[in-house]
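Work through the following exercises with the sequence and the model open side by side.

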Amino acid sequence: MVPLSHYLIVSAILFFIGVLGVLLRRNVIVVFMSIEIMLNAVNLSLIGFDRFLNQHDGQVFSFMVMAVAAAEVSVGLAIIISIFRKKPTINLDEFNIMKW
Amino acid sequence: MLSLTWLVPTFPLIGSIINGFWGLKIGKDNVGKVACGSVILSFITTVLILFGLIGLPAENRIYEQVMFDWIVAGDFAVQWAYQVDPLSMVMMLVITGVGSLIHIFSIGYMKEEYSYYRYFAYLNLFMFAMLILVMGSNFLLMFIGWEGVGCCSYFLIGYYFDKQSACDAATKAFIVNRVGDFAFLLAVMFIFYIFGTIDYTEVFAAAPHKLIYDGEIAIIITGFLFLGATGKSAQIPLYTWLPDAMEGPTPVSALIHAATMVTAGVYLVVRCNILFMMAPMTMMAVAFVGGGTALLAATIGMTQWDIKRVLAYSTVSQIGYMFLGCGVGAFTAAIFHLITHAFFKACLFLGSGSVIHGMHHEQDIRKMGGLKKHFPKTYFTFLVSTLAIAGIFPLSGFFSKDEILLHSLIDGNIFLWGMGITGALLTAFYMFRLVFLTFHGESRVDPDVHPHESPDIMTRPLMILATLAAVGGMLGIPLIHGWHVLHNWLEPVLFIDWQTIVTNSTRMMEEHGHVAHLSHLLHHKEHPDAGLEVALMFLSVGVAITGIVGAYLCYIKYPKLPETLTDGQWGYEIVKNKYMVDEIYDETIVKPVVQGSRLLWKEADAKAIDGTVNGVAQIIGWCSKQAKQFQSGYVRNYALSMIIGFAILLLVVF
Amino acid sequence: MEQFIFYPLSLMCIVFAVGVIVNTSPISSAVSLIGMMLGLAGLFVLLNAHLMAILQVLVYAGAIMVLFMFVIMLLNLKGDDEDWKMRGKNVLLASLSGVFVVTLLFKIFGDGFSTNIGKPAVLPETFGTTAAVGELLFTDFVLPFEVASILLLVAMIGAVVLAKTKLN
């Protein structure tokens, strides 16, 4: 039987990889994907806890996470498209229009 | 009948609201109708209440109507309640009655003014505040009325706000009144501190038990109350605002600065008669301030050339008589003089208004003279009122003034009486000087000015007031016991239980280790000797006639005489300049205060306070400029901050 | 027995995740991500969360990744050789993240997780089924569920509006 801590370690490693992706990559699509990795890592720990506590709340939460992720991806990709129209690049370092 | 009480102040309030908010829309005619209608309705209601009050047995003539709980905070509870008793009844009748006539007169007088509605809105508001002042059943409600009338007085003195002198006069009146108001407020606080309540009935009932006769507390409370009264009623030392207040329209001077508001101080003293009776030191001060003011204002009145200023000083002087009456314990006489003064002084002011109106706003009596033929009705009413104020038998002023003088002699002392009788002589003199200079003799009117008598709407109120000034004395016929209607009427309000006062004060003083000698208070005051009374009457009529004859000699017979008498006399110059009181106040009080305020403004406010506030803002601005560098616009940098935060958080938690 | 499934699956997830962030080509990254998600779906099955495993495949590996692919194709994105240039800042970021994850792992190992809730509970027959999760979703969590639907609606409209109008 695999103990809970192993699931959590896998989850942490995945989350770490996601963080690294967000911080190190300049390609905005890849950054987005890294965010998905982090969300998935969290889902894994939620469901792992569920299994070991015999309840379904975590699964409901990961269901919500999926819904949010879907919303986020659709809006985020739409933003990328509209930014791309203005300036044909997806290099994050060239976007700093949020600066006032 | 009595349950209608709340309507009395409500009518003018409604009138004020209508005129104030929709005055321009409803047109001049309707403004006048609303204003006069509301006050007349109020007067009718007052008369109905009077019948209700007469219907009650004399010792139960007090009716309290609670409208709502106004302020409730812990032990402190104040109700918005009206109290109708013989004293407030008298005041209500005077206010609404004289007020109605003056409102009607105003329709004619103010006809050509542009902001007609503003005038009537303020005038109605004044009526409301004045009625609150006299009808309130506690000191705080009286204070509201007190401030309300001061506020309306300010508005109306400054009615011609495009004139600098009017604005200055309004400001002066307001500020001088503030001094008195502050003292009044202090007195109310003291009363609450000592008695734990500010309701009239409860305070006055508790006074004999909680105050010591001639004790410090009684003197402090009454002293502050009296200082408040001197502010509102223009007595020494706070009288200087009233002559300047003549910048307002003349009916305002008649209503506010002669008949009603300035007598509020007298009302206050009479209302608190039991407190004052327990503080003989204050009473002495009241008497001397009253007598001194009566004399001082009369001397200044002799030297003024502005028709309204003469009347203003006359008002100050007459109110001085009322305080003289209060000071010697003759509260009935004070109220009596208040009533008759309201009649004849309102008539005089309105008469002067009629003259000013007919002379196209000329107020200098040196440019009048011989106006008798142009203003027959005004002249006649003016003459009647002048005779009344001079104290000629059997007009009203004779009875009321004589009663005050009599009491100042038998209950006071010879000095007080001397001041009073000298003042009476001067009053007769300067009032007839005014009449002679205005209506008799050679005409000195500018050729461009064509005097004309005022319309009926102005002369009719004059006639009614002149009639009242003539017969008003019937309220208090002396000598014949039981005919002094006013005395009998006010008896329940002025009743003082000397037995309780003496017992309690003696006990409390002995507890403090003092020896009390209060038994003399119990001796019944003897009714004045009829012979003395008659002698005094003849004397005062003689004095009045002397004054009149003097004025006749000076201003009709030998018109050059006054100039030769006064020319080059330093004494005359000082009196003419009003004893330099304004200048002295200016130098000693106004200028230091102004300079101090300027210092506070330039140094404390502009530099210290503004500097602190702006400095804080600048520091925050600098900090923000530093913090701005974190906002690079790169999302990654924000994420980096988040990560750093998380890392620190985790390190701290685990 | 379970271990033989768990460790390969975990390894697959991690390898694919690393693949996502090291590939210069976005297409390769996206394919790696699909692999990671399928691996995670396997882990979900291992945890008896059947519904979530199915949803993982359908929603993530299906719908969301299709969207990614779609955008990549639409914008015709190419790999960028400069993308992985190590800068001073990157090193700092990586080391900070390292501190972060090391702390996390230390926490997981150091604390008494395995003793307290490390032993798996005895599960009922219905654990992780659509019925069980659905019941919870429509009773206790009905309000978040409805809010989620509104969120999706907003996202849909927002995406349409954003993609349609030009950014000024």
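Helix axes are here lines fitted to C-alpha atoms over the stretch in contact, and the angle between two of them runs from 0 to 180 degrees between N-to-C directions. The coordinates to which this is applied belong to a predicted model.

**Exercise 1. Determine how helix α12 and helix α17 of chain B are oriented towards each other, and describe their contact.**

Solution. Begin with the geometry: the axes of α12(B), residues 280-301, and α17(B), residues 414-439, come within 9 Å and cross at roughly 25 degrees. Next, compare this angle with the cut-off, by which angles under 35 degrees count as roughly parallel; the two helices α12(B) and α17(B) are therefore roughly parallel to each other. As to the sense of the crossing, α12(B) and α17(B) cross in a left-handed manner.

Then turn to the residues: α12(B) contributes B:A287, B:G291, B:G292, B:A294, B:L295, B:A298, B:T299 and B:G301, and these meet B:L416, B:M419, B:G420, B:T422, B:G423, B:L426, B:T427 and B:Y430 of α17(B). Sorted by class, the residues of this contact comprise 8 nonpolar and 8 polar ones, with no charged residue.

**Exercise 2. Describe the pairing of strands β1 and β2 of chain B, and examine the hairpin that they form.**

Solution. Then locate a bridge, in which B:A73 has B:F76 in β2(B) as its partner. Finally, inspect the hairpin, where 2 residues lie between the strands and B:G74 takes a positive phi near 60 degrees.

**Exercise 3. Characterise the fold of chain C from its elements, burial and contacts.**

Solution. Count the elements first: chain C has 7 helices and 0 strands, so that the order from the N terminus on reads α-α-α-α-α-α-α. For burial, 26% of the 168 residues of chain C are buried. For the contacts, consider those in chain C with a separation of 6 or more, of which 57% are between residues 24 or more positions apart.

Conventions:
Residues are numbered from 1 along each chain as its sequence is written. Chains are lettered from A and ligands numbered from 1 in the order in which they are written. This is a predicted model: local features need pLDDT of at least 70, side-chain atom pairs count only at pLDDT 80 or more; totals for chains, interfaces and linings use all residues. Helices (H or I, at least four residues) and strands (E, at least two) are DSSP runs, numbered from the N terminus. A residue is buried if 20 or more other C-beta atoms lie within 10 Å of its own, exposed if 12 or fewer, and partly exposed in between; C-beta atoms are placed from the backbone. Two residues are in contact if their C-beta atoms, placed from the backbone, lie within 7 Å. Angles under 35 degrees count as roughly parallel, over 145 as roughly antiparallel, 65 to 115 as roughly perpendicular and the rest as oblique. A crossing is left-handed if the near helix is turned anticlockwise from the far one by less than a right angle, and right-handed if clockwise. Ala, Val, Leu, Ile, Met, Phe, Trp, Tyr, Cys and Pro count as nonpolar, Asp, Glu, Lys and Arg as charged, and the others, Gly among them, as polar. Two strands pair if DSSP finds at least two bridges between them.
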